[in-house]
Amino acid sequence: MRALAERLERWIKAHQLGLQLAVLVLLFAIAYLAQDIFIFIHPGRAGVLWRRFGGGTDLRNVYLEGLQIKSPLNEMYVYDVRIQRADATIDVLSKDGLKIEVEATVRYHPVIRQLGRLHQRVGPHYLETILLPELSTIVSEVISRYRPDELYSLRREVIRSAIAHTTFNAGRERWVAVDDVLIRRITLPPSIQRAIQSKLEQEQLSLEYDYRLLKERKEAERKTLEAQGIRSFQEIVTGGISDRYLKWKGIDATLELAKSPNAKVVIVGAGGDGLPVILGGLDTSGSGGATASAAIPARPPRPRRP
């Protein structure tokens, strides 16, 4: 063992210069190929490895964040796996055959577990290759089910949900997850917009007229009920007032006036219908109440006997 070590030491001393040059070359090669050997995958990204002499695309493994070491002969493709957005302007036809412009936004991200399959079948430009064309087809299909007036006001949420659901299913089949689809604007031809706005204004005016008619009808019913109530009250009051009742109320009022401190003369049974008559002057002192007075009709003179 000792002899082997001594022999190795002599060999190193004999080839010292060559070994130093080899080490320098190796260090230079590592430094030169460092970018192809040490791969740093940043947050929100994932890598797919392609082996030049080992079967091509690695479909089983996905390389996540952090430092990854590979052979310089192989390639590492890094994908952004965060939620991303893309805007699209799509020209479609409505149910009536009118040209409509739809502005949509799709939120998406690649499925991490299927990243190798996505890279092998589609590649890094999957947005332009499959997602946007698929979105355009789905929007055209959904919009063609509705008339322009429905697109203008009534069924925006229904349309958005249908497009998002269909796009989600289509994207999942293409190794892309669709988070949501937003319909930012639906632009109709100017003439159609004016016609729809005019129709909506007329509908609002019609509703206003209906409200006015209903209000007037309710007011007429209220006045009718009020008149019926007044008539019923008058019938009840008129039927309950009799001559005896009026005489009794007159006597009662006379008694109240007779209790006042003003000077007066009460003649019982001298008035019309047998009611009392009160004679008296006005209270000039200003401290007493009003005095009621009634004139006694003059009796005709009795004829003299011859």
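This report describes pairs, contacts and surface features in one predicted protein model.

Residues are numbered from 1 along each chain as its sequence is written, and side-chain values use heavy atoms, with hydrogens and water left out. Because the model is predicted, local features need pLDDT of at least 70 and side-chain atom pairs count only at pLDDT 80 or more, while totals for chains, interfaces and linings use all residues.

**Strands and sheet**

Helices (H or I, at least four residues) and strands (E, at least two) are DSSP runs, numbered from the N terminus. An open sheet is formed by 3 strands in the order β3-β2-β5, with antiparallel pairing. Strands β3 (56-57) and β5 (75-80) stand at the edges with a single partner strand each, so one side of each has no neighbour in the sheet. Two strands pair if DSSP finds at least two bridges between them. Strand β2 (residues 45-51) and β5 run antiparallel and are joined by 6 bridges. R45 stands opposite D80 in β5.

The loop between β4 (66-69) and β5 holds K70. Is K70 buried or exposed? Buried means under 20% relative accessible area, exposed means over 50%, and partly exposed lies in between (1.4 Å probe, protein chains only). K70 has 10% relative accessibility, so K70 counts as buried. Its side chain reaches the backbone oxygen of N74 at 2.6 Å.

**Salt bridges**

Side chains of opposite charge can pair when their charged atoms come close. A salt bridge is a side-chain nitrogen of Lys or Arg within 4 Å of a carboxyl oxygen of Asp or Glu. By this rule the model has 11 salt bridges. The table lists some of them.

| Salt bridge | N to O distance |
|---|---|
| R52 and E75 | 4.0 Å |
| R85 and D87 | 2.7 Å |
| R107 and D179 | 3.3 Å |

In the pair of R52 and E75, R52 lies in the loop between β2 and β3 and E75 in strand β5, so the pair ties together parts that are 23 residues apart in sequence. R52 is partly exposed at 41% relative accessibility, and E75 is partly exposed at 33%.

R85 and D87 form another salt bridge. R85 counts as exposed, with 52% relative accessibility, whereas D87 counts as partly exposed at 43%.

R107 and D179 also form a salt bridge. This pair links distant parts of the chain, with D179 in strand β8 (residues 176-187) and R107 in strand β7, 72 residues apart. D179 is partly exposed at 44% relative accessibility, and R107 is partly exposed at 29%.

**Polar contacts of T105**

T105 is found in strand β7. T105 has a relative accessible area of 4%, so this residue is buried. Which side chains does the side chain of T105 contact? A polar contact is a pair of N or O atoms within 3.5 Å; within protein, one must be able to donate a hydrogen and the other to accept it, and residues adjacent in sequence count only if both atoms are side-chain atoms. The side chain of T105 makes a polar contact of 2.8 Å with the side chain of D87. The side chain of R184 makes a polar contact with that of T105 at 2.7 Å.

**Aromatic pair**

A pair of aromatic rings is described by the distance of the centres and the angle of the planes. Rings of Phe, Tyr and Trp (its six-membered ring) pair if their centres lie within 6.5 Å; planes under 30 degrees apart count as stacked, over 60 as edge-to-face and the rest as tilted. By this rule there is 1 aromatic pair. The pair consists of Y108 and Y126, which are edge-to-face, with 6.1 Å between centres and 85 degrees between the planes. Y108 lies in strand β7 (residues 99-110) and Y126 in helix α5 (residues 126-143), so the pair ties together parts that are 18 residues apart in sequence. Both Y108 and Y126 are buried.

L127 also lies in helix α5. With 15% relative accessibility, L127 counts as buried. L127 and H109 are 18 residues apart in sequence, and their C-alpha atoms are 9.7 Å apart in space.
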